[in-house]
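Reader: I should like to learn how to read the features of a structural model, one at a time. Where shall we begin?

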Amino acid sequence: DALASAQREAQSSFGDPACLIEKFIQNPRHIEMQVMGDAHGNVIHLFERVCSMQRRHQKVVEEAPSPFVDDALRQRMGDAAVAAAKACNYRGAGTVEFIVEQRETGMSFYFMEMNTRLQVEHPVSEAITGVDLVEWQLLVAAGQKLPKTQNELSINGHAIEARICAENPDNNFLPATGTLFTYQKPEHSTFTINKNGNDVRIDDGVREGDVISPFYDSMIAKLIVHAPTREQALARLDRALAQTRIV
């Protein structure tokens, strides 16, 4: 009945009763695969990130690897992502995004889109693989082959990224503007994951005294942590955020 009603409305409004029926995903998770291709036909994936924690359809917290993905599903999703990239002779860094549905019979995944660029959350993939994705982009752009094969990549520990945004929690987290009077950061490294024990990284684009304008995205920094386990990474993130002061 609903389809027939929609067809009548389509016919009267557009002169065409054609309708597109989409699958309704009841328990969705947003899980994506980082891929990289070169000019020599090589394409690899650097495992998955889960980005399900969102506000107004904008990602807030991202982590790698996903606690919801087992080795078998990781293999299937990785194969699908690599196949998609190879199908269009993709070169450089990209992300193949999937909607994953958790059902009693298991996990199913569906292609959503591909982002043909390096994404905000790429540091968590760098943290668990030890790969500098920006460096790899430059090597690929210079015509070189990817430095590693799929079999040479592995997952080391767990990484989580929190986007730090200039928003007002008392006003439904709407973007906030004004002078950044206080901007104190926890002990951290910049751009690289320090293997000497300080696994807290901050990528930011602001300094104390800067003015947060309404002309850009409200995100002003990214705080990334890496630890041997997810529980340790969560504790490290909690501590680092508690040491962050922004006014």
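Author: Let us begin with a term. A residue is called buried when its relative accessible area is under 20%, exposed when it is over 50%, and partly exposed in between. Please keep in mind that this is a predicted model.

Reader: Which residues of helix 5 are exposed, and which are buried?

Author: The general idea comes from helix geometry: an α-helix has 3.6 residues a turn, so residues three or four places apart point the same way. In helix 5, Ala233, Leu237 and Ala240 are buried. Seen down the helix axis, the buried residues fall within an arc of 70°, so they line one face of helix 5. Glu231 and Asp238 are exposed on the other side of the helix.

Reader: What span should helix 5 have, and what is the distance between its end C-alpha atoms?

Author: Helix 5 covers residues 230–242, and at 1.5 Å a residue its 13 residues should span 18 Å. The end C-alpha atoms are 18 Å apart, which agrees with that expectation.

Reader: Against which strands do the buried residues of helix 5 pack?

Author: They pack against strand 6, strand 11 (200–204) and strand 13 (219–227). Of these, strand 6 is mostly covered, with seven of its eight residues buried.

Reader: With which strands does strand 6 pair, and in which sense?

Author: Strand 6 pairs in the antiparallel sense with strand 3 (residues 58–64), over four bridges. Glutamate 62 has glutamate 161, in strand 6, as its bridge partner. Strand 6 also pairs with strand 13, again in the antiparallel sense, over eight bridges. Methionine 219 in strand 13 stands opposite cysteine 165.

Reader: Let us turn to charge. How many salt bridges does a search of the whole structure find?

Author: Side chains of opposite charge can pair when their charged atoms come close. The search finds 17 salt bridges. In one of them, the side chains of arginine 49 and glutamate 32 meet at 2.9 Å, N to O. This pair links distant parts of the chain, 17 residues apart: arginine 49 is in strand 2 (residues 43–55) and glutamate 32 in strand 1 (residues 28–37). Both arginine 49 and glutamate 32 are buried.

Reader: What does the salt bridge between arginine 163 and glutamate 121 tie together?

Author: The closest N and O atoms of arginine 163 and glutamate 121 are 3.1 Å apart. Arginine 163 lies in strand 6 (residues 158–165) and glutamate 121 in the loop between strand 5 (106–115) and helix 3 (122–129), so the pair ties together parts that are 42 residues apart in sequence. Arginine 163 counts as buried at 17% relative accessibility, and glutamate 121 counts as buried at 1%.

Reader: Which residues are linked with these in a network of salt bridges?

Author: The network links Glu32, Arg49, Lys59, Glu62, Glu97, Glu121 and Arg163.

Reader: Are glutamate 101 and arginine 103 buried or exposed, or does either fall in between?

Author: These two residues form a salt bridge, with their closest N and O atoms 3.7 Å apart. Glutamate 101 counts as buried, because its relative accessibility is 4%. Arginine 103 counts as partly exposed, because its relative accessibility is 36%.

Reader: Finally, which backbone features deserve a second look?

Author: Most residues other than glycine have a negative phi, and most peptide bonds are trans. Here a cis peptide bond joins alanine 64 and proline 65, with omega about -5°. Proline 65 lies in the loop between strand 3 and helix 2 (71–87). Asparagine 89 has a positive phi, near 50°, and lies in the loop between helix 2 and strand 4 (92–103). With a relative accessible area of 70%, asparagine 89 is exposed. Phenylalanine 173 has a positive phi of about 60° and counts as partly exposed at 34% relative accessibility.

Notes. Residues numbered from 1 in each chain as written. Predicted model: local features only at pLDDT ≥ 70, side-chain atom pairs only at ≥ 80, totals over all residues. Heavy atoms only, no water. Salt bridge = Lys/Arg side-chain N within 4 Å of Asp/Glu carboxyl O. Helix = DSSP H or I, 4+ residues; strand = E, 2+ residues; numbered from the N terminus. Buried < 20%, exposed > 50% of the residue type's maximum accessible area, 1.4 Å probe, protein only. Expected span 1.5 Å × (residues − 1). Arc of directions from axis to C-beta. Contact = heavy atoms within 4.5 Å. Pairing = 2+ DSSP bridges.
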